[in-house]
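Please look over the sequence and the model shown here before reading on. The report is meant to be read beside them.

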Amino acid sequence: MNQLNQKEMMRNCPNCGGINIGRLHKNSYFCSDCYVEVAITRKNDIYLHIHSEDGGIIRKIKLE
Ligand SMILES: [Zn+2]
């Protein structure tokens, strides 16, 4: 997994590698392929929020 610069636009989902990832908020993205929200903190930590199809968060994973 690559560490991502906060200023860079994320183009591929770090979970599935898909390109159907769009900006959700200022520092978060959402992949419509695997229903994963990618949240980037001020410290540049990246968290994956795994969503179920109905939109609930079922798991949070911190990327190293
Ligand atoms: Zn994905």
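Predicted model: local features only at pLDDT ≥ 70, side-chain atom pairs only at ≥ 80, totals over all residues.

Residues are numbered from 1 along each chain as its sequence is written. The pLDDT is the predictor's confidence in each residue, on a scale from 0 to 100, and the protein chain averages 86, with 88% of the residues scoring at least 70. Confidence in the protein chain is lowest in E5, at a mean of 91, and highest in E2, at 94.

The protein chain contains zero helices and five strands, where helices (H or I, at least four residues) and strands (E, at least two) are DSSP runs numbered from the N terminus. Read along the sequence, the pattern of the protein chain is β-β-β-β-β.

**The sheet**

The five strands form an open sheet in the order E1-E2-E3-E4-E5, with antiparallel pairing; two strands are taken to pair if DSSP finds at least two bridges between them. Strand E1 (21-25) and strand E5 (57-63) stand at the edges with a single partner strand each, so one side of each is left without a neighbour in the sheet. From one strand to the next the twist averages 25 degrees, with axes defined as lines fitted to C-alpha atoms and angles running from 0 to 180 degrees between N-to-C directions.

|---|---|---|
| E2 and E3 | four bridges | Tyr29 and Val38 |
| E3 and E4 | five bridges | Val38 and Leu48 |
| E4 and E5 | six bridges | Tyr47 and Lys62 |

**The turns**

Tyr35 lies in the loop between E2 and E3 and is partly exposed, with 19 other C-beta atoms within 10 Å; by the rule used here, a residue is buried if 20 or more other C-beta atoms lie within 10 Å of its own, exposed if 12 or fewer, and partly exposed in between, with C-beta atoms placed from the backbone.

The hairpin of E3 and E4 has five residues between its strands, and Asn44 in the turn has a positive phi of about 70 degrees. Asn44 counts as exposed, with 11 C-beta neighbours inside 10 Å. Thr41 lies in the loop between E3 and E4 and is likewise exposed, with 12 other C-beta atoms within 10 Å. The C-alpha atoms of Thr41 and Ser28, which are 13 residues apart along the chain, are separated by 8.8 Å.

Of the 64 residues of the protein chain, 14% count as buried. Four of the five residues of strand E3 (residues 36-40) are buried, so this strand is largely enclosed by the rest of the structure.

**Gly22 and the contacts**

Which residues does Gly22 touch, not counting those up to four places away in sequence? Gly22, in strand E1, touches Tyr29 and Phe30 on that count, where two residues are in contact if their C-beta atoms, placed from the backbone, lie within 7 Å. With 10 C-beta neighbours inside 10 Å, Gly22 counts as exposed. Gly22 and Arg11, eleven residues apart in sequence, are 8.2 Å apart in space, C-alpha to C-alpha. Among contacts in the protein chain between residues at least 6 apart in sequence, 14% join residues at least 24 apart.
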